[in-house]
Amino acid sequence: MLGYFDDENAEYVGYDNSVSIDKQSLIGLQGDYSFNDSLSFTAQVVGHTDEQRNSGLEWLYITYAPSNTWQVKLGRQRIPFFNYSDSLDVGFAYPWLTLPQQFYDTAFFSTFDGVLANYEFSYGDWLLSYEGYWGRFDDKIYLNSQEINTKVIGLFGINASIYYDNLTLRASFNQGDVDIEQTQAAEFSQLLRQLGFTNSADWLNASGVIQLYHFSAGYENVDYFVRSEFSRFDGKSGLVADIDSFYISAGYNFYPYTVYLSYSKKNLHFDHPDNEIPFGISTELDTLAATYLGVLAAFPDDKAAGTKIGMRWDYLANLAFKAEITFVEAKDEISNDYAVKDLGEFDGHGVLYQLGVEWVF
């Protein structure tokens, strides 16, 4: 995938003010083996050129389907947070060159080890699907260009989808107990607690319950489509942000071409508490308070939006060419933890140009 960001003062999804082909390119291999009509095995390995994406085993699970309505998967698989969670790395499966970034970069991890069950049935012209999963995540995530050991236990979720004619609706709830390894923050939190500043110490705790709520609606036929997703990410600890995000996209199909317009927006917010450490009493407390305020400043709120226009050309049944332009708008301070990275004096506006080839074999 080739890309160029037109501002030398920032990076966007890894692209900077030079032409690059090694930021979002990848190759994946998937193997499937059926033992019989109801039992099968799936494995998938993905190699990323992006240094902030882990290459290696993405899927490794067994599927048991006792009937046409029931299906159970056991092993490593994608977490069904969003509509395109299963096909994050399969660009051929969606019209965009890249998924709406302000929405899809709000999930800190995308796989889990556990069990997932799906049940679907039809009622007249309606098709209903229910899904539930339970498991854990234990791996590294990337924040601010750093690898952070992260463990999520008690991870579970439920979702329901309704299909009627050309209309699709989906809603889900997800929850887990996260433990993020932040050694320096933990040591500073312990010091604050020993000195009696428990509220400040609690805010520096990077572990706690996370919850994600999701809703989507879409309508499409042979000629055009409208797709949208909305999510709310709640972090119960101070160092984990609350994130509201959505996108809406419309496209027109005139085979073998598809043109589309998409708008996505993210509003990331930290619940910054008031400083309870007094100034002016002693040099030691002044230093402690200044250090604490410095930590708070390192976790700014982050608002960003992206408008993209693009075209897809299905040259062959398994080969598609794509071109996309994304207009980026960021407000206030930028946390550097997500799509936009401020290199200094970024005015919050930039344009990303991309060309890509999607091939399945």
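**Helices, rings and a loop**

Let's start with two helices: the axes of α2 (residues 183–194) and α4 (residues 283–297) come within 12 Å and cross at roughly 140°. Keep in mind that this is a predicted model. Angles over 145 degrees would count as roughly antiparallel, so α2 and α4 are oblique to each other. The crossing of α2 past α4 is left-handed. On the α2 side, Phe 188, Leu 191 and Leu 192 make the contact, and α4 answers with Leu 288, Thr 291, Tyr 292 and Val 295.

Now for the aromatics. There are 33 aromatic pairs in the structure. One of them is Trp 70 with Tyr 119, a tilted pair at 5.0 Å centre to centre with 40° between the planes. Trp 70 sits in strand β6 (residues 70–78) and Tyr 119 in strand β7 (residues 111–123), so this pair ties together parts 49 residues apart in sequence. Trp 70 is partly exposed at 42% relative accessible area, and Tyr 119 is partly exposed too, at 28%. Tyr 315 and Phe 321, by contrast, pair edge-to-face, with 5.9 Å between centres and 70° between planes. Ring pairs also build a cluster, whose members include Phe 81, Trp 96, Phe 137 and Tyr 247.

Finally, take a look at Val 19, in the loop between β2 (10–12) and β3 (26–34). With a relative accessible area of 59%, Val 19 is exposed. Setting aside neighbours within four places in sequence, Val 19 touches Leu 2, Gly 3 and Tyr 4. The C-alpha atoms of Val 19 and Asn 199 are 47 Å apart, with 180 residues separating the two along the chain.

Notes: Residues numbered from 1 in each chain as written. Predicted model: local features only at pLDDT ≥ 70, side-chain atom pairs only at ≥ 80, totals over all residues. Heavy atoms only, no water. Axes fitted to C-alpha atoms, helices over the stretch in contact; angles between N-to-C directions. Helix = DSSP H or I, 4+ residues; strand = E, 2+ residues; numbered from the N terminus. Parallel < 35°, antiparallel > 145°, perpendicular 65-115°, else oblique. Left-handed = near helix turned anticlockwise from the far one by under 90°. Contact = heavy atoms within 4.5 Å. Buried < 20%, exposed > 50% of the residue type's maximum accessible area, 1.4 Å probe, protein only. Phe/Tyr/Trp six-rings, centres within 6.5 Å; stacked < 30°, edge-to-face > 60°.
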